Amino acid sequence: MRRLLLLRHAKTETDAPSGQDQDRRLDDRGRSDAAEIGGWIGRHPPFPDHVLVSPAVRAHQTWEIARDAMTPLAPPPEVELLPELYGADPVQLLQIIRHACVTDPHQLLLVGHNPGMHELAMTLTGSGDAAARKALEDNLPTSGLAIFDFAISDWNDVAFRRGKLMMFVSPKLLKQTSGD
């Protein structure tokens, strides 16, 4: 069994001072949401043991804040900044996931961007939680987390429509429920 977690970066400023999209930073809500989703991950094992992060400032900040929130509760994972995550489409993301066979983690977390992350989440879903699928259908919002299980022993076997969507959470959904 392998578990894949897809985390979209948190809410950002509209424009970076440099004018470069990759330099956009988290705003106050983004920092708060990243900490909230990180704390949620830390309270809901199994924890990621390998994390691939887009080098865009907003993705890297999201990971750092989420990691700090989960660290007291979860062991630190291996982390890689992966330039290919920035702007990747679902096919490219699938190749990145399959490449995880090199390090062979049991729980892999990707921190990246839409539209690729949302499209990937929708194309990986073959079964699973119907309510989560409905909630995820329109968008993978900022700080949104989609969790998939695959009945495989090798990341090379991850394929579209073969994932079981276990859960979809976001800070907004967590606020709508009294607990988590």
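## Starting at A131

A131 lies in helix α5; helices here are DSSP runs of H or I with at least four residues, strands are runs of E with at least two, and both are numbered from the N terminus. At 57% relative accessibility, A131 counts as exposed. On this scale, buried means under 20% relative accessible area, exposed means over 50%, and partly exposed is in between, using a 1.4 Å probe and protein chains only. From A131 to D33 there are 98 residues in sequence and 22 Å in space, C-alpha to C-alpha.

A word on the model itself: it is predicted, so local features need pLDDT of at least 70 and side-chain atom pairs count only at pLDDT 80 or more, while totals for chains, interfaces and linings use all residues. Residues are numbered from 1 along each chain as its sequence is written, and side-chain values use heavy atoms, with hydrogens and water left out.

## The nonpolar cores

What is the size of the largest nonpolar core, and which residues have the most contacts inside it? This core has 29 residues, and L4, L6, L110, L124 and F148 are those with the most contacts inside it. A nonpolar core is a set of buried Ala, Val, Leu, Ile, Met, Phe, Trp, Tyr and Cys residues joined through side-chain atoms within 4.5 Å. At least two residues of this core come from each of β1 (2–8), α3 (90–98), β4 (107–112), α4 (116–124), α5 (130–137), β6 (145–150) and β7 (163–169). With five residues, α4 gives the most to this core. There is also a second, separate core of 17 residues, which includes I37, I41, V53 and V111.

Not counting residues up to four places away in sequence, L110 touches L4, L5, L6, L7, L52, L85, L93, I97 and M117; touching, or contact, means heavy atoms within 4.5 Å.

T12 is buried, with a relative accessible area of 10%. Its side chain makes a polar contact of 2.5 Å with the side chain of R24. A polar contact is a pair of N or O atoms within 3.5 Å; within protein, one must be able to donate a hydrogen and the other to accept it, and residues adjacent in sequence count only if both atoms are side-chain atoms. Leaving aside neighbours within four places in sequence, T12 is in contact with R24, R25, L26, D27 and R58.

D27 also caps the N-terminal end of α1, with a side-chain oxygen 3.2 Å from the backbone nitrogen of R29. The 16 residues of α1 should span 22 Å at 1.5 Å a residue, and the end C-alpha atoms are 23 Å apart, which agrees; the expected span is 1.5 Å times one less than the number of residues. The buried residues of α1 are G30, D33, A34, I37, G38, G39, W40, I41 and G42. They pack against β1, α2 (57–70), β6, β7 and α6 (171–176).

## How α3 meets α4

Helices α3 and α4 pack at an angle of about 75°, and their axes are 9 Å apart. That makes α3 roughly perpendicular to α4. Axes are lines fitted to C-alpha atoms, for helices over the stretch in contact, and angles run from 0 to 180 degrees between N-to-C directions. Angles under 35 degrees count as roughly parallel, over 145 as roughly antiparallel, 65 to 115 as roughly perpendicular and the rest as oblique. On the α3 side, P90, L93, L94 and I97 meet G116, M117, E119, L120, T123 and L124 of α4.

## Loops worth a visit

Two peptide bonds stand out for a cis form. One runs from P45 to P46, with omega near 10°, and P46 lies in the loop between α1 and β2 (50–53). Another joins N114 and P115, with omega about 10°, and P115 is found in the loop between β4 and α4.

Where is S143, and is this residue buried or exposed? S143 has its place in the loop between α5 and β6, and is buried, with a relative accessible area of 0%. Although not a glycine, S143 has a positive phi of about 65°. D104, in the loop between α3 and β4, has a positive phi too, near 50°. D104 is partly exposed, with a relative accessible area of 34%.
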